[in-house]
Amino acid sequence: MPKAIFTLHDGSRHTVDVGLGESLMKAAVNADIPGIAGECGGSVSCATCKIQIANGWWDRLPMLQELEESLIEDAVPQTRLSCQLCMTTDLDGIEVSVPPSQYG
Amino acid sequence: MHTPAHAPGNLIPDHVPAELVRPYAFVLGNLTSANPYERMVHDVHRHYPPIFWVKDVYPGGTPAWVVRRFADLRAIYADDKHFTVKGFAPFAMLVGDSWDLVPAGADAPLHDAYRALLNPLFTPVALKKLEEKVRSVAERLVDGFKDKGAVDFREDFAVPFPVSIVLDLLDLPQSRMAEFMSWEHSLLHEMNLANIMSATRNVVDMFRQVIKERRVNPGEDLVSFAITAKIGERHLSEDEIVGFCFNLFIGGLDTVTTNLCWQFRRLGEHPDEQQALRDNPALIPDAIQEYLRYFSPASTFRTCTKDIEIGGVAFKPGDKVLMSTTLGSNDPEQFENPEEIRFDRRATHLAFGSGIHHCLGHHLARRELTVAMQTILARLPEFRLGNSEILTDLGGVIQPRSVPLTWQA
């Protein structure tokens, strides 16, 4: 199964299986990755599943849509909502980091 | 054939085991002079089964299941195959109207169409233009009492603050403040059904009048938005526009008021926390996140539509389910020592619900709460909770009736 690697605020790395077509948020919530809340279940409203994309992966992601953009405007660079990133063969092995808080 | 859950009187349906029938304090009409978050909430977790049956917890004194675990509540929020939101706030039904709350009273897929329409209005970016307004309202209210040395924080800040902002979003004059506040109180804290009905009628009539005016003279406000908005090729119906306005009224006012009350009561009782936030205001968002968890005040309902078993308990079609964010956010299986406030917890909780119905206005609510705390801590010296007795309503929304604060003016 494709994998995504989440680096937490404390530096620990967690490798999570993500089914093809499954969102990184769902996979992270199911794997109990701390710091990914996903409160709205992926309906692009809560902005509590932010992740920062590691260098080299950004250009492979699906295009940022206006609604997502308006939810993450103030976040650090290379931030995306993990609910909007579904696994593809191209994204197998993607490295992302989880912010210290989803609520800042 | 089981006895329907909505059977009159105290009849317990056949599928409800007698040992799961429990008395429960958090019911509309009940009051306490204690702080229910200190013990009562945690005692439910200590002494009750994960799911229990309460004879009178649904408005009107009828029964419902109470689910206390975070994981079970989150699963029910996500399960629209077995549960519907229909009827979770029966205001329209009370007055014989046909509208539903928009978006809270709709199931998928209609709900998703509503949210696609409304989500962009309530994102942080969309709310930026409100920032100045929110801050100036907070400053004006604090300046109104800062030289007095004492205030009922509920009456002079927590109630008018969100009302003022919602009036602005609706482009209604601030002179309607008192009227709004009294209707809001009757809707959500009144025990007398006739008064709830008359407040519902007043609010709906007011919105129907505003809708009529805005159809002729549209502006930049949310009512005008709803009038011109389209789902696919169609405009919203009159019922949908009324449901949207009513949802804004019951969702945008009292919940913010309630959280402000609890947060400032807490700060008045815990000068150490107050000092920590004065010393480092950057902690305020994390502190608010934790206070929202600890003091989650609201409950909604779901209705079972299809047989399902959860944790060995059989839910039957028609059964009501109390979705208590209070209990879910204080579940010791989810949160280590939930009775402790820890600013660095940064935990996901249920204060805004979970899943597709997760509160549309939560970015605005967080903004209002953050600005209120920043402004008050910057403008008031150390304050303490006064000595007078505080009564707290335990039903629907758990809210103290007063928050007396004192300081050296």
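Q: What covers the buried residues of helix H15 of chain B?
A: The cover includes H13, helix H14 (271-279) and H17 of chain B, where helices (H or I, at least four residues) and strands (E, at least two) are DSSP runs numbered from the N terminus. This is a predicted model, in which local features need pLDDT of at least 70, side-chain atom pairs count only at pLDDT 80 or more, and totals for chains, interfaces and linings use all residues. Residues are numbered from 1 along each chain as its sequence is written, while chains are lettered from A and ligands numbered from 1 in the order in which they are written.

Q: What makes H15(B) a mostly covered helix?
A: A residue is buried if 20 or more other C-beta atoms, placed from the backbone, lie within 10 Å of its own, exposed if 12 or fewer do, and partly exposed in between. Eight of the eleven residues of H15(B) are buried, so the helix is mostly covered by that definition. The buried residues include B:Ala287, B:Ile288, B:Tyr291 and B:Leu292, as well as the charged residues B:Glu290 and B:Arg293.

Q: Why is B:Asp307 called exposed?
A: B:Asp307 has 12 other C-beta atoms within 10 Å, and therefore counts as exposed. The residue lies in the loop between strand E8 (299-304) and strand E9 (308-310) of chain B. Leaving aside residues up to four places away in sequence, B:Asp307 touches B:Lys316 and B:Pro317, a contact being two C-beta atoms within 7 Å.

Q: How do you know in which sense H13(B) and H17(B) cross?
A: Helix H13 (residues 254-269) and helix H17 (residues 362-379) of chain B have axes that come within 10 Å and cross at roughly 35°, with the axes fitted to C-alpha atoms over the stretch in contact and angles running from 0 to 180 degrees between N-to-C directions. The crossing is right-handed, which means that the near helix is turned clockwise from the far one by less than a right angle. Among the residues that meet are B:Val256 and B:Leu260 in H13(B), and B:Leu369 and B:Met373 in H17(B).

Q: What makes E2 and E4 of chain B edge strands?
A: Two strands pair if DSSP finds at least two bridges between them. The open sheet of five strands has the order E2-E3-E11-E8-E4 in chain B, with mixed pairing, and E2 (51-58) and E4 (83-84) each pair on one side only. E2(B) and E3 (residues 62-67) of chain B are joined in the antiparallel sense over five bridges, with B:Val54 opposite B:Ala64 in E3(B).

Q: Why does the radius of gyration of chain A agree with that of a compact globule?
A: The globule rule is 2.2 Å times the number of residues to the power 0.38, with the radius taken over C-alpha atoms. For 104 residues a compact globule would have a radius near 13 Å, and chain A has 12 Å, which agrees. The C-alpha atoms of chain A fill a box of roughly 30 × 30 × 25 Å along the principal axes, and 40% of its residues count as buried. Chain A has two helices and five strands, in the pattern β-β-α-β-α-β-β along the sequence.

Q: Which elements of chain B give two or more residues to the side that touches chain A?
A: The contact takes 20 residues from chain B and 17 residues from chain A. Helix H5 (124-127) and helix H15 (284-294) of chain B each give two or more residues to the side that touches chain A.
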